[in-house]
Each structure stands twice: as structure tokens, then as C-alpha cells.
Amino acid sequence: MSFHDQQYSEKRDFMRMKMETTATLRVLSDDQTHGVQCQDLSNQGAQVVCAQRITEGTLVELAIPSPTEGMQGLQARGQVVRCEAGEDGGSVIGIQFDTLD
């Protein structure tokens with residue numbers, strides 16, 4: 001197994017949690033915010049659906065509010081690693097996290 005294959009395999013060892021929750025995606029370069037639907041989440045990244053296309057490599061911040069009043073939601077910074085056309089005309093965006101709060 002090559003080093004690259006090992007790294008890819010290890011990345012997939014992190015459990016992904018399927019979800020359907022509303023979140024906010026902020027593009028750091030121009031401070032634009034987009035309402036998104038978060039489809040899955042792990043400690044390494046997330047997949048969201050957005051009405052707009054966001055270019056791969058774009059630095060973003062993802063905010064997912066807590067469903068429990070009084071508890072802090074999730075704040076994560078990272079970059080777009082994938083942006084593909086979705087079924088309903090939106091974009092399916094893969095985000096790799098750099099920091100997670």
C-alpha cells in the first residue's frame with residue numbers, strides 16, 4: 001500500500017454522521033454567507049448542499065447551530081475540496097476542516 005493510499009484509507013476511518021440540518025457557510029475572502037443544508041459531518045470535514053457554486057480551494061467557515069438551547073453549536077474553518085452539480089440545480093460541496101471549535 002502506498003503512502004497516499006494509506007492516508008486516504010486513514011481519512012475514511014473517521015466516522016461520518018449522516019444528517020439533514022440547516023447551517024451557514026461563510027466565504028472568508030468576501031464575507032458572503034450562504035444558507036446550506038449539511039448532509040454529513042465528521043471530525044475531518046462535511047458535505048453540504050448550497051444554491052451557489054463555490055470554487056475548490058476557497059476558504060470557508062461552517063456554522064451549525066446546536067439543537068439544544070444553551071449549548072454552543074459547531075464552528076469550523078476549512079477549504080472547499082469538491083464542488084459538484086446537485087440533483088436539484090444546487091451544488092454539493094465537500095469541505096475539509098482545518099480548525100474545529
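**View 1. Six strands close into a barrel with antiparallel pairing.** The strand order around this closed barrel is β1-β2-β3-β6-β5-β4. From one strand to the next, the twist averages 45°. That angle is taken between N-to-C directions, on a scale from 0 to 180 degrees, with axes fitted as lines to C-alpha atoms. Strands here are DSSP runs of E with at least two residues, helices are runs of H or I with at least four residues, and both are numbered from the N terminus. Two strands count as paired if DSSP finds at least two bridges between them. This is a predicted model, where local features need pLDDT of at least 70, side-chain atom pairs count only at pLDDT 80 or more, and totals for chains, interfaces and linings use all residues. Residues are numbered from 1 along each chain as its sequence is written, and side-chain values use heavy atoms, with hydrogens and water left out.

**View 2. The whole chain holds 1 helix and 6 strands.** Read from the N terminus, the elements run α-β-β-β-β-β-β. Of the 101 residues, 34% are buried. Buried means under 20% relative accessible area, exposed means over 50%, and partly exposed lies in between (1.4 Å probe, protein chains only). The chain exposes about 6600 Å², and carbon and sulfur atoms supply 48% of that area. Such areas come from the Shrake-Rupley method with a 1.4 Å probe. A contact means heavy atoms within 4.5 Å. Among contacts with a separation of 6 or more, 47% join residues 24 or more positions apart.

**View 3. The largest nonpolar core has 21 residues.** A nonpolar core is a set of buried Ala, Val, Leu, Ile, Met, Phe, Trp, Tyr and Cys residues joined through side-chain atoms within 4.5 Å. Leu 25, Val 48, Leu 62 and Ile 93 touch the most other members. β1 (17-27), β2 (32-41), β3 (45-50), β4 (59-64), β5 (74-85) and β6 (91-100) each supply at least two residues of this core. Now zoom in on Leu 25. Leaving out residues up to four places away in sequence, Leu 25 touches Val 36, Val 48, Ile 54, Val 60, Leu 62 and Ile 95, among others. In soluble globular proteins, nonpolar side chains tend to be buried together.

View 4. Val 27 has Val 60 of β4 as its bridge partner. Strands of a sheet pair through backbone hydrogen bonds, either parallel or antiparallel.

**View 5. β5 and β6 run antiparallel, joined by 9 bridges.** Val 80 stands opposite Ile 95 in β6. The loop between these two strands includes Gly 86. Setting aside neighbours within four places in sequence, Gly 86 is in contact with Ser 91 and Val 92. Gly 86 and Cys 50 are 36 residues apart in sequence, and their C-alpha atoms are 8.8 Å apart in space.

**View 6. Thr 58 sits in the loop between β3 and β4.** Thr 58 counts as buried because its relative accessibility is 16%. A polar atom of its side chain lies 2.7 Å from the backbone oxygen of Thr 55. Not counting residues up to four places away in sequence, Thr 58 touches Val 27, Gly 78, Gln 79 and Val 80.

Conventions: A polar contact is a pair of N or O atoms within 3.5 Å; within protein, one must be able to donate a hydrogen and the other to accept it, and residues adjacent in sequence count only if both atoms are side-chain atoms.
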